[in-house]
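Open the structure in your viewer and get ready to select residues. Where do the aromatic rings meet?

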Amino acid sequence: MLETVSGTATAAVETIPGYPAGHAVRPNISDYAAFRSGFSWDSARRELDGLPAGGLNIAHETVDRHAAGARANRVALRWLGKNGSIQDISYARLREGSNRFANVLRQLGVGAGERVYILTGRIPALYIAALGTWKNRSVVCTLFSAFGPEPIRARMALGDARALVTTPMLYQRKILPILSQLPGLRHVLLAREPGEDESVAGTLDLAQLLGEASEQFSIAPTDPEEAALLHFTSGTTGTPKGAVHVHQAVLTHHATGKLVLDLHPEDIFWCTADPGWVTGTSYGIIAPLSNGVTSIVDEADFDAERWYRILEEHKVSVWYTAPTAIRMMMKTGLAPLAGRKLPALRYLASVGEPLNPEAVRWGVTAFGLPFHDNWWQTETGGIMIANFPALDVRPGSMGMPVPGIEAAIVRTSKACDSVDVSVAIVEEPGVEGELALRPGWPSMFREYLNEPERYAKCFAGGWYLTGDLARRDADGYFWFVGRKDDVIKTSGHLIGPFEVESVLMEHPAVAEAGVIGKPDPVALEVVKAFVALRSGYAPSDALKKDIMAHARKRLGAVVAPKEIDFQQSLPKTRSGKIMRRLLKARELGLPEGDVSTLESM
Ligand code: ATP
Ligand code: MG
């Protein structure tokens with residue numbers, strides 16, 4: 001039996017107030033425990049409208065109901081072009097644009113349930129197309145525009161894409177080489193930039209079609225259980241899976257937007273994720289719009305200087321970003337922030353990977369506010385565990401379950417001669433096990449596309465098994481340990497990579513760290529770390545020794561890395577997650593497996 005060891009668990013718990021003291025705006029939940037006990041998804045449903053014709057449709061809840069009321073002229077999307085242009089799109093205009101797109105699909109004969117793929121950068125056409133697709137009761141699948149032709153082909157073939165919205169440049173470079181392998185694709189609609197007026201054989205002009213279409217559209221009755229979204233996972237642990245979500249997922253998006261991201265009607269919200277990933281649709285499109293706020297869409301890629309300017313100039317009040325971006329800002333240092341005034345900024349949140357305590361503290365140094373870590377997956381569709389505004393932040397913890405979500409730490413074992421897995425709940429605080437959720441929340445995935453067996457394997461004993469390991473402390477905060485696949489087994493102990501990486505990040509020279517188990521004839525595995533340095537530090541043996549000494553002091557000899565390698569930067573998915581499986585494969589000289597989501601370095 002392996003015993004779990006932890007290097008820092010005995011340290012006193014550090015807390016940071018979750019909300020700025022004396023701020024004019026107060027959190028949407030002031031008492032987490034009381035709110036949680038009174039919450040039900042039925043009560044959350046009462047905050048939404050439902051369709052006049054019956055059922056529930058994401059586009060009605062996010063756009064039409066606001067466009068028909070007092071918020072019609074409020075800016076829904078503020079689009080910031082790469083070149084400095086700004087376009088404000090009100091709820092009324094978003095309704096009109098998405099109505100036109102829905103009419104275009106209808107005229108083309110694209111039906112309910114058929115899949116409409118969107119492969120563009122972050123441009124207004126993406127948002128109009130997604131919303132119009134939901135109005136037509138077709139299924140949205142957004143793809144990250146930096147993918148090469150093969151990952152695009154694989155995802156379009158798996159989802160049997162019926163229509164595609166893309167740009168002339170992406171079409172030429174990425175679709176033409178694979179077009180003959182997509183027999184189900186009937187329509188390609190090109191969103192052109194002004195001045196890009198060449199027509200391309202075999203394609204349709206999106207702007208022209210929108211211009212000719214009616215701006216009136218009434219959404220047909222939509223069953224809340226109808227498919228609305230197909231999203232591929234990040235591919236961190238293997239081949240990406242296609243998770244299918246339904247229209248009533250909007251309940252989770254709306255509720256978590258309000259309760260976790262603390263959206264208030266006058267907020268200016270910025271989610272930095274690309275809609276090619278689930279965060280960019282759930283929280284870059286659906287949650288802010290259903291809550292009626294103004295959402296910033298930046299076409300450009302990460303640049304610390306530009307990001308700080310956006311926060312200041314557009315008076316962003318709630319900011320949702322990712323650990324990889326925070327680490328990049330930390331790497332750049334505070335100089336680009338000097339002189340900026342951000343009085344509107346009230347709430348910071350992060351998702352996608354574990355957020356190292358050092359990054360939470362850095363938020364306080366840089367912005368006077370902690371980053372609120374929250375945990376979820378493509379499969380869960382929305383935030384499940386979070387640091388809430390009314391609770392103290394415990395740096396390094398993912399927080400507590402969202403109201404309406406039952407989370408547990410469980411032990412699983414396979415029954416003898418059977419495919420059945422038995423599940424036992426771990427009640428004791430501080431003990432590690434698999435993080436499990438009680439199925440039934442509105443944004444839970446309804447299938448892995450074309451992989452029913454894989455889907456079935458995610459559920460056992462009345463739980464959804466997440467594949468992540470975590471522990472819960474005596475106060476109910478959940479702490480991420482690592483993915484099941486990434487946990488290291490050494491000399492009879494189990495070690496979670498996150499704790500080791502977080503301690504390495506405390507060293508002033510370390511910008512990023514990825515930790516793996518390296519096979520060892522004696523210990524089974526030994527802890528090996530890959531480290532990228534902050535600017536101003538150069539690799540040397542002396543520095544390696546210093547980092548090792550820091551790790552040993554903080555973690556003890558069993559948990560601290562036995563080996564450290566310096567790297568320029570660590571391999572990551574295009575959504576910014578460290579790919580430990582690739583560090584391991586490269587270390588061992590093994591095949592790299594599916595690298596379709598690997599960021600080009
Ligand atoms: P794949 O399933 O294809 O391997 P992936 O799991 O990275 O890729 P996503 O669904 O994008 O795909 O990511 C969800 C996973 O990201 C979670 O299961 C967890 O491992 C990690 N994660 C997300 N947020 C957090 C967080 N706040 N703390 C720790 N881990 C997180
Ligand atoms: Mg996953």
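This tour visits aromatic rings and the charges over them, in a predicted model.

**The whole structure**
A search of the whole structure finds 27 aromatic pairs. A pair of aromatic rings is described by the distance of the centres and the angle of the planes. Keep both values in mind at each stop.

**Stop 1: Phe147 and Trp277**
Select both residues. Their ring centres are 5.9 Å apart, with 80° between the planes. This pair is edge-to-face. Now trace the chain. Phe147 sits in the loop between β5 (139-142) and α6 (149-158). Trp277 sits in the loop between β11 (268-271) and α10 (278-290). The two are 130 residues apart, so the pair links distant parts of the chain. Are Phe147 and Trp277 buried or exposed? Both are buried.

**Stop 2: Trp270 and Trp307**
Select these two next. The ring centres lie 5.1 Å apart and the planes meet at 65°. Angles over 60 degrees count as edge-to-face, so this pair is edge-to-face. Trp270 belongs to strand β11, and Trp307 to helix α11 (residues 304-313). The pair therefore ties together parts 37 residues apart in sequence. Trp270 and Trp307 are both buried.

**Stop 3**

**Stop 4: charges over rings**
Select Arg155 and Phe232. Arg155 lies over the face of Phe232, 5.6 Å from the ring centre. Finish with Arg438 and Trp463. The charged end of Arg438 sits over the Trp463 ring, 4.0 Å from its centre.

Methods. Residues numbered from 1 in each chain as written. Chains lettered and ligands numbered in written order. Predicted model: local features only at pLDDT ≥ 70, side-chain atom pairs only at ≥ 80, totals over all residues. Heavy atoms only, no water. Phe/Tyr/Trp six-rings, centres within 6.5 Å; stacked < 30°, edge-to-face > 60°. Helix = DSSP H or I, 4+ residues; strand = E, 2+ residues; numbered from the N terminus. Buried < 20%, exposed > 50% of the residue type's maximum accessible area, 1.4 Å probe, protein only. Lys NZ or Arg CZ within 6 Å of the ring centre and 35° of its normal.
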